[in-house]
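Here are my notes for you on this one. Have a look at the model first, then read the points in order.

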Amino acid sequence: MIRASQIHKRFGHNEVLKGVSLEMAKGEVIAMIGPSGSGKSTFLRCLNHLETIDAGRIEIEGELLADTDAAGHCRYAPEAEVRRICRKTGMVFQHFNLFPHMTVLQNIIEAPITVKGMTRDVIIPRAEALLAKVGLSAKRDAYPGRLSGGQKQRVAIARALAMEPDIMLFDEPTSALDPELTGEVLRTMRELADEHMTMLVVTHEMGFAREVASRVIFMDQGLIVEARPSAEFFASPEHPRARAFLDNML
Ligand code: ADP
Ligand code: MG
């Protein structure tokens with residue numbers, strides 16, 4: 001579903017990704033963990049072109065998003081192709097990013113209508129089904145300002161799913177939530193995983209990583225320093241930094 005190889009990304013003189021490679025199979029759930037500033041968000045953002053890479057190669061479902069030639073020139077697919085390929089991935093952010101002036105339903109149907117050209121009679125029932133799925137049918141016509149953080153995040157998940165992505169990228173979806181609200185969001189994500197959605201999840205929720213993810217990827221200072229089946233990783237992390245990180249978290 002995703003094949004990223006040797007991704008490099010710098011902001012000015014700060015090399016944030018120093019050759020990150022990742023392959024993800026259909027239906028896989030990967031938890032990406034690591035200290036703050038290690039490049040997790042940047043990597044996720046590169047996968048759906050919220051950031052451009054400086055070097056490396058990204059394939060999404062076998063389609064080339066970006067590639068780098070022997071001379072080191074990185075080239076992206078033509079713009080329309082890039083847009084189409086990036087629609088295969090849906091993204092959920094730490095801070096929800098809902099449109100505050102739109103109701104919950106409007107938030108969900110906006111992109112399917114404007115980006116995919118879906119008609120209201122097709123997308124509204126689908127949006128209502130997604131709201132039922134995340135347990136928020138009653139909030140259909142509410143504005144985001146009236147929702148709890150956990151409810152907002154579940155709307156954000158429904159909104160991403162409304163675009164029918166094949167891969168979901170989550171960037172610390174529960175980090176902005178009060179502890180008592182993380183459970184409802186993790187439950188929604190767990191249900192998605194049970195339905196075999198392909199998911200790449202940046203998270204500090206070690207319980208989720210251990211129980212739901214099949215693989216854990218530990219990032220440190222712009223590199224993946226450990227990538228293993230989650231049971232193995234949690235039983236005995238190999239890299240000293242991963243060990244220190246886990247000691248701090250658990
Ligand atoms: P993480 O998600 O693992 O905490 P990030 O990918 O957010 O790490 O950040 C990695 C590094 O890149 C940090 O040093 C951060 O300051 C820097 N960085 C991220 N985004 C930008 C940006 N838009 N401009 C400049 N520096 C950035
Ligand atoms: Mg981050």
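1. Start with the largest pocket: 24 residues line it, and Thr89, Gly90, Met91, Ala111 and Met163 are the ones nearest its centre. A pocket here is an open set of points on a 1 Å grid over the protein atoms alone, where a 1.4 Å probe fits and protein lies on both sides within 12 Å along at least five of seven lines; lining residues have an atom within 4 Å of a point. The space in this pocket comes to about 650 Å³, a volume being the space filled by probe spheres set on the points.

2. Which elements build that lining? H2, strand E7 (89-92), helix H3 (104-114) and helix H5 (149-162) each give at least two residues to the lining of the largest pocket. Helices (H or I, at least four residues) and strands (E, at least two) are DSSP runs, numbered from the N terminus. By type, the lining splits into 14 nonpolar, 5 polar and 5 charged residues; Ala, Val, Leu, Ile, Met, Phe, Trp, Tyr, Cys and Pro count as nonpolar, Asp, Glu, Lys and Arg as charged, and the others, Gly among them, as polar.

3. A quick word on the basis. This is a predicted model, where local features need pLDDT of at least 70 and side-chain atom pairs count only at pLDDT 80 or more, while totals for chains, interfaces and linings use all residues. Residues are numbered from 1 along each chain as its sequence is written, chains are lettered from A and ligands numbered from 1 in the order in which they are written, and side-chain values use heavy atoms, with hydrogens and water left out.

4. E7 also belongs to an open, mixed sheet of 6 strands, ordered E7-E8-E9-E3-E10-E11; strands pair if DSSP finds at least two bridges between them. E7 and E11 sit at the edges with a single partner strand each, so one side of each has no neighbour in the sheet. On average, neighbouring strands of this sheet are turned by 15 degrees against each other, direction ignored. E7 runs parallel to strand E8 (residues 167-171), joined by 4 bridges, and methionine 91 faces leucine 169 in E8.

5. At the other end of that order, E10 and strand E11 (residues 223-229) pair antiparallel over 6 bridges, with arginine 228 in E11 as the bridge partner of valine 216. Their hairpin has 2 residues between the strands, and glutamine 221 takes a positive phi near 50 degrees there.

6. The whole structure has 3 aromatic pairs. In one of them, phenylalanine 218 and phenylalanine 233 have ring centres 6.5 Å apart and planes at 25 degrees, so the pair is stacked (centres within 6.5 Å make a pair; planes under 30 degrees apart are stacked, over 60 edge-to-face, the rest tilted). Phenylalanine 218 lies in strand E10 (residues 215-220) and phenylalanine 233 in helix H8 (residues 230-235), 15 residues apart.

7. There is also an open antiparallel sheet of 5 strands, in the order E2-E1-E4-E5-E6. Within this sheet, 8 bridges join E1 to E2, and arginine 3 has glutamate 23 in E2 as its bridge partner.

Note on methods:
Rings of Phe, Tyr and Trp (its six-membered ring) pair if their centres lie within 6.5 Å; planes under 30 degrees apart count as stacked, over 60 as edge-to-face and the rest as tilted. Axes are lines fitted to C-alpha atoms, for helices over the stretch in contact, and angles run from 0 to 180 degrees between N-to-C directions.
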